Amino acid sequence: MHEFLSDLNLMPFHLSLVVLLLLSTVETIGYYFNFRPSQLLKRAFSQRITESPLLDVKFSKVLIFVFLLMNFSVAGYFLQFLIYSQQQHFVPAYYIIIPAFIIAIFFTVFMIHCLDQVIKPKYSVRQVDLLGRLATISSGNARPGFSAQARVRDEFGQLHYVQVEPEFGELEFQAQIIIVRKKRSHYLAKKISASNNLFSNQ
């Protein structure tokens, strides 16, 4: 048992479990003292990462980090013991870290997708009215028949990612637009020219 715990080739996966246990313990204790390390983790990551559509889930985003740590350690142990059963020794950890991390990401995405399907949202879904609101093209270019992703905030300040396309012309990446009409699966938008009165100094 001591050889297992002290083996350097297993140390990255031991550390992953230790961080997982410490985070869970401190988070549980901090819940009763109104101090939760999950709030520090949220500040450590940029707003672009935390508001990514991939992380748009109905549960705490810290749970994603917990899943990643857990899956990384399990994948690392599995690979090392699989090799041990064939060669009777562990391989250096740097051979295993990248494959274990890839496996961990795959299973973490799978787990958060499944969990997000069964958890009910905290709040009832309300119909968001985005018509007439300013938005920014955040991915690709849009032209009639081909939509692009845009980000827009609703009246409550909540950020939304929607698909938009113009009635005519083209909406380039990072272009400032205004949403004018809702279609079945996307919005129609118009580009705001630099000379528009909305942006004048007068």
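Glu167 counts as partly exposed, at 36% relative accessibility; partly exposed lies between buried (under 20% relative accessible area) and exposed (over 50%), with a 1.4 Å probe and protein chains only. Its partner in a salt bridge is Arg181, with 3.0 Å between the closest N and O atoms. The model is predicted: local features need pLDDT of at least 70, side-chain atom pairs count only at pLDDT 80 or more, and totals for chains, interfaces and linings use all residues. Residues are numbered from 1 along each chain as its sequence is written, and side-chain values use heavy atoms, with hydrogens and water left out.

**Salt bridges**

- Two salt bridges are found in a search of the whole structure; the term covers a side-chain nitrogen of Lys or Arg within 4 Å of a carboxyl oxygen of Asp or Glu.
- In one of them, Glu167 pairs with Arg181. This pair links distant parts of the chain, 14 residues apart: Glu167 sits in the loop between strand E3 (159–166) and strand E4 (176–182), and Arg181 in strand E4.
- Arg181 is partly exposed, with 42% relative accessibility.
- Another salt bridge joins the side chains of Lys191 and Glu172 at 2.8 Å, N to O. Lys191 belongs to strand E5 (residues 187–191) and Glu172 to the loop between E3 and E4, so the pair links distant parts of the chain, 19 residues apart.
- Both of these residues are partly exposed: Lys191 has 48% relative accessibility, and Glu172 has a relative accessible area of 31%.

**Secondary structure**

- The chain has six helices and five strands; helices (H or I, at least four residues) and strands (E, at least two) are DSSP runs, numbered from the N terminus.
- Read from the N terminus, the order of elements is α-α-α-α-α-α-β-β-β-β-β.

**Annotated spans**

- An unreviewed UniProt entry lists residues 12–33, 62–83 and 95–115 as "transmembrane region"; such annotations may be inferred rather than shown by experiment.
- Residues 95–115 are 90% helix and 0% strand in the model, and their end C-alpha atoms lie 31 Å apart.

**Burial, contacts and surface**

- The chain has 202 residues, of which 29% count as buried.
- Among contacts (heavy atoms within 4.5 Å) in the chain with a separation of 6 or more, 51% involve residues 24 or more positions apart.
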